[in-house]
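Visitor: I am new to this structure and should like to learn how to read its features. May we go through them in turn?

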Amino acid sequence: MAELIRRGIRHISDAANNADSYRVLRGRVSVLKIAPDARFMPYLELAGFGSVALIRSSDLRFDLLSALVERWRPETHTFHFPCWECTVTLEDVAMQLGLAVDGSPVTGLSSLTDPAVVCYQLLGESLEDGDKFFSGIKFTWLRDKICRLSATASECELMCAARAYIMHMIGALLMPDANGDSVHLSYLPLLADLSTARSYS
């Protein structure tokens, strides 16, 4: 990597090559390391998340990510390399993740009047923290919901588990935020009808 960097410029790759860890970014990854249950895989496919659900790896090279961060230019929204400029395009998203990029925009809701009711209707149960006006669902709660699926689960329970799996993917992989331990509840109403969820970009 050092050969690609122009001489005379101190770059993050020097820190990575010399094992200086103080300049290397650290991140949290909450990707589900369990495969989706085959029983609710058809619902993930129906919603357009079948390809994303197959992503298992969470091994990230933080030294390389740090090098990319130093090469990012917000003025042009591109990575500046000595040989060219590069950026992630919608075509990359479509090809690598299998997600739609030409549908209705995802805008969501800024707040819900009764989040507990929405959770109960779409996930089959509500959070037990007693907070009526919560705005996020913890990854641990979603994982528990997915893993507790009984062997005799009904179609409704399978759909609820599929929604929980999709919510986890959205919060951990597709639209992570700074807190790193929950997903915003505003995405859940978009999954009410799984057959129309794939119409969003």
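Guide: We shall consider a helix, a core and a helix pair in this predicted model.

Visitor: What span should helix H7 have, and how far apart are its end C-alpha atoms?

Guide: Helix H7 covers residues 155–174, and at 1.5 Å a residue its 20 residues should span 28 Å. The end C-alpha atoms of H7 are 26 Å apart, which agrees.

Visitor: Is H7 largely enclosed or largely open?

Guide: Of the 20 residues of H7, 14 are buried, so the helix is largely enclosed by the rest of the structure.

Visitor: Where do nonpolar side chains tend to be in soluble globular proteins?

Guide: They tend to be buried together. Here, the largest nonpolar core has 41 residues, and Phe 40, Ile 137, Ile 166 and Leu 188 touch the most other members. Two or more residues of this core come from each of helix H2 (41–47), helix H5 (115–123), helix H6 (139–147), H7 and helix H8 (194–197). H7 gives the most, with 10 residues.

Visitor: Which residues does Phe 40 touch, not counting those up to four places away in sequence?

Guide: Phe 40 touches Ile 146, Leu 149, Leu 158, Ala 161, Ala 162 and Tyr 165.

Visitor: How are two packed helices described?

Guide: One gives the angle between their axes and the distance between the axes. The axes of H6 and H7 come within 9 Å and cross at roughly 150 degrees. H6 passes H7 in a left-handed crossing. Among the residues making the contact are Leu 142 and Ile 146 of H6, and Ala 161 and Tyr 165 of H7. By class, this contact has 9 nonpolar, 2 polar and 2 charged residues.

Conventions
Residues numbered from 1 in each chain as written. Predicted model: local features only at pLDDT ≥ 70, side-chain atom pairs only at ≥ 80, totals over all residues. Heavy atoms only, no water. Helix = DSSP H or I, 4+ residues; strand = E, 2+ residues; numbered from the N terminus. Expected span 1.5 Å × (residues − 1). Buried < 20%, exposed > 50% of the residue type's maximum accessible area, 1.4 Å probe, protein only. Core = buried A, V, L, I, M, F, W, Y, C linked by side-chain atoms within 4.5 Å. Contact = heavy atoms within 4.5 Å. Axes fitted to C-alpha atoms, helices over the stretch in contact; angles between N-to-C directions. Left-handed = near helix turned anticlockwise from the far one by under 90°. Nonpolar A, V, L, I, M, F, W, Y, C, P; charged D, E, K, R; others polar.
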